[in-house]
Amino acid sequence: MKYLLDTNTCVFFLRGKYNLDIKIRQKELINCYISEITVFELRYGAENSDDPSKAHKTLDSFLSGVSIIPIIGSVKRYAKEKVRLRNNGTPVHDEFDLLIGVTAVENGLTLVTDNIKDFKRLKGIKIENWVTRK
């Protein structure tokens, strides 16, 4: 199985939380991808951190080991899904989440997120949550 790691999953991994390093090793990093939108969000987080230089270096290391999926191939699905959700009266208010979600669907990837409520309305999406809170 192939996975698209949502931004919150990447943040938890980078912070060493929820044993995500073990889960990613079990699934194998070669089977894990991120959206280029996630790169934008992670860069913003690094720049906004207490130590941007250190955060960017940590992020650079992470990004060098993971495949990044471009969003351009998901443009038509994005437009259709945004209209469908709006017409159903359930629009997605976070454009980045919508872009990440449709990228997962378009590429046949299971989305790994701790934010299931914002993605579960997307048509055809497969979701897993690897975060286990004690």
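# Exercises on a predicted model

T7 sits in helix α1 (residues 7-14); helices here are DSSP runs of H or I with at least four residues, strands are E runs of at least two, and both are numbered from the N terminus. This is a predicted model, so local features need pLDDT of at least 70 and side-chain atom pairs count only at pLDDT 80 or more, while totals for chains, interfaces and linings use all residues. Residues are numbered from 1 along each chain as its sequence is written, and side-chain values use heavy atoms, leaving out hydrogens and water.

**Exercise 1.** Work out whether T7 is buried or exposed, and which residues T7 touches.

*Solution.* 
- Start with the cut-offs: buried is under 20% relative accessible area, exposed is over 50%, and partly exposed is in between (1.4 Å probe, protein chains only).
- T7 has 11%, so T7 is buried.
- Next, list the contacts (heavy atoms within 4.5 Å). Leaving aside residues up to four places away in sequence, T7 touches T38, E41, L42 and I100.
- With T38 there's also a side-chain polar contact of 3.1 Å. That term means a pair of N or O atoms within 3.5 Å; within protein, one must be able to donate a hydrogen and the other to accept it, and residues adjacent in sequence count only if both atoms are side-chain atoms.

**Exercise 2.** Check the span of helix α5 (residues 75-87), then find where its buried residues lie.

*Solution.* 
- The expected span is 1.5 Å times one less than the number of residues.
- For the 13 residues of α5 that gives 18 Å, and the end C-alpha atoms are 18 Å apart, so the two agree.
- Now pick out the buried residues of α5: Y78, E81 and L85.
- Looking down the axis, these fall within an arc of 75°, so they line one face of the helix; the arc is taken from the directions from the helix axis to the C-beta atoms.
- That buried set packs against α6 (95-106).
- Just after α5, G89 takes a positive phi of about 80°.

**Exercise 3.** Decide how many disulfides there are, and what C10 and C32 are doing.

*Solution.* 
- The test is a pair of cysteine sulfur atoms within 2.5 Å.
- The count comes to 0 disulfides.
- C10 is in no disulfide, and its nearest cysteine sulfur, that of C32, is 9.0 Å away.
- C10 is buried at 1% relative accessibility, and C32 is buried at 1% too.
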